[in-house]
Amino acid sequence: MNFISRALVLGSLSTVVGCASMKGGTKSPDTTEPTPPPATASLVDNCDDTQKGVSKEADALASPYGIDQHVDKNFPDRKVSWLMTDGAYQKFVVQTGAKNFGRCNDVACYLFAAPSASIQGAVEKSKTADGKHDPAVLGQALGLPAKNFEGPLRMMTLDLAAQKVCTRLPVDADPGVWKCTTPDDKDCFKFGGYTSGGAPEVMVINAPVADTQVVEIP
Amino acid sequence: MSDEEVLLQSPLLYRVLRGRDGALSIEVVVGGIVQFEVRVRLNAEETESFQREGRAFADRMAQAIMANPPFGGRSVKSPV
């Protein structure tokens, strides 16, 4: 009995001391260097070998720039957004029960996306008093023709880091690339990570529908 | 719109439709960070090619439209 009582007392004491140490009450000064935050993983690490190969070639073409610098500079929170007309969303995502957003071939599904803050900011700015959006304001904010934004839209948002989604610079060979034909073209593809209107963009591979937030823009 | 028959729906984000008058058209999702649909009515030659080759021809035509959405002035934005 005596031994058990002593053990219980010692156990209680060590718990009290332990808690005090955690609060810093009795802890001696820490002389070790602060641990640097872990380096942010490259989104290309989420790619399969095929997409890693495409990304490597794209980075070589864009050198000394590359996808990692592009993401650090323009997508600091690793969140992307994109817009679709409601008609396209209903016909090609909802009605087909699509698992991934984007244009799919036998290899993967390919989706252009921009920084969430840019898209959401532009959408917010375009809101009108009647609860709809002004295509002209949205077009101007994103450097694209207003006609692309007519009618109800859907805005999608995806956290690339949290969902570990493969992301790289877009390339000429990607499905859906709209090649610029005149210097005045504003909504066509130019290599380098920016739309012809100057908006940052990335190519997202196999963006999962289930993990994407979808908002209606009347 | 509801009177149209969907002849082919592709994961490349296009579909081939037959209208009430029997004419074929192709509806293609174009654009990058903003995606919208355009339609092109198939001419007689394209209709014959689709009937002969099916998806292979439709894939080629859809990709040509994605790469150049005005498609020589033949495309129209799909009705909202």
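**Stop 1: where the chains meet**

Colour the two chains separately and look between them: 19 residues of chain B are in contact with 30 residues of chain A. Keep in mind that this is a predicted model.

Now pick out the chain B side. Three elements, β3 (24-30), β4 (34-41) and α2 (55-67), each give at least two residues to the side of chain B that touches chain A. The largest share of that side, 4 residues, comes from β4(B). Colour the side by class and you'll get 12 nonpolar, 5 polar and 2 charged residues.

**Stop 2: a strand pairing across the chains**

Which residue of β4(B) stands opposite Met84(A)? It's Gln35(B). Then click on Leu83(A), and you'll find Val34(B) in β4(B) opposite.

**Stop 3: around β4(B)**

Val29(B) is a handy landmark, standing opposite Glu37(B) in β4(B).

Next, select residues 76-77 of chain B, strand β5. β5(B) pairs with β4(B) in the antiparallel sense, over 2 bridges. Here Arg39(B) stands opposite Val76(B).

**Stop 4: two helices in chain A**

Zoom out to chain A, which has 7 helices and 9 strands. Of its 218 residues, 38% count as buried. Among contacts in chain A with a separation of 6 or more, 70% are between residues 24 or more positions apart.

Now select helices α5 (residues 116-126) and α6 (residues 135-142) of chain A. Their axes come within 8 Å and cross at roughly 150 degrees. That angle is over 145, so α5(A) is roughly antiparallel to α6(A). The crossing of the two helices is right-handed.

Show side chains where they meet. From α5(A) come Ala122(A), Val123(A), Lys125(A) and Ser126(A), and they meet Val137(A), Leu138(A), Ala141(A) and Leu142(A) in α6(A). By class, the residues of this contact are 6 nonpolar, 1 polar and 1 charged.

Note on methods
Residues are numbered from 1 along each chain as its sequence is written. Chains are lettered from A and ligands numbered from 1 in the order in which they are written. This is a predicted model: local features need pLDDT of at least 70, side-chain atom pairs count only at pLDDT 80 or more; totals for chains, interfaces and linings use all residues. Two residues are in contact if their C-beta atoms, placed from the backbone, lie within 7 Å. Ala, Val, Leu, Ile, Met, Phe, Trp, Tyr, Cys and Pro count as nonpolar, Asp, Glu, Lys and Arg as charged, and the others, Gly among them, as polar. Two strands pair if DSSP finds at least two bridges between them. Axes are lines fitted to C-alpha atoms, for helices over the stretch in contact, and angles run from 0 to 180 degrees between N-to-C directions. Angles under 35 degrees count as roughly parallel, over 145 as roughly antiparallel, 65 to 115 as roughly perpendicular and the rest as oblique. A crossing is left-handed if the near helix is turned anticlockwise from the far one by less than a right angle, and right-handed if clockwise. A residue is buried if 20 or more other C-beta atoms lie within 10 Å of its own, exposed if 12 or fewer, and partly exposed in between; C-beta atoms are placed from the backbone.
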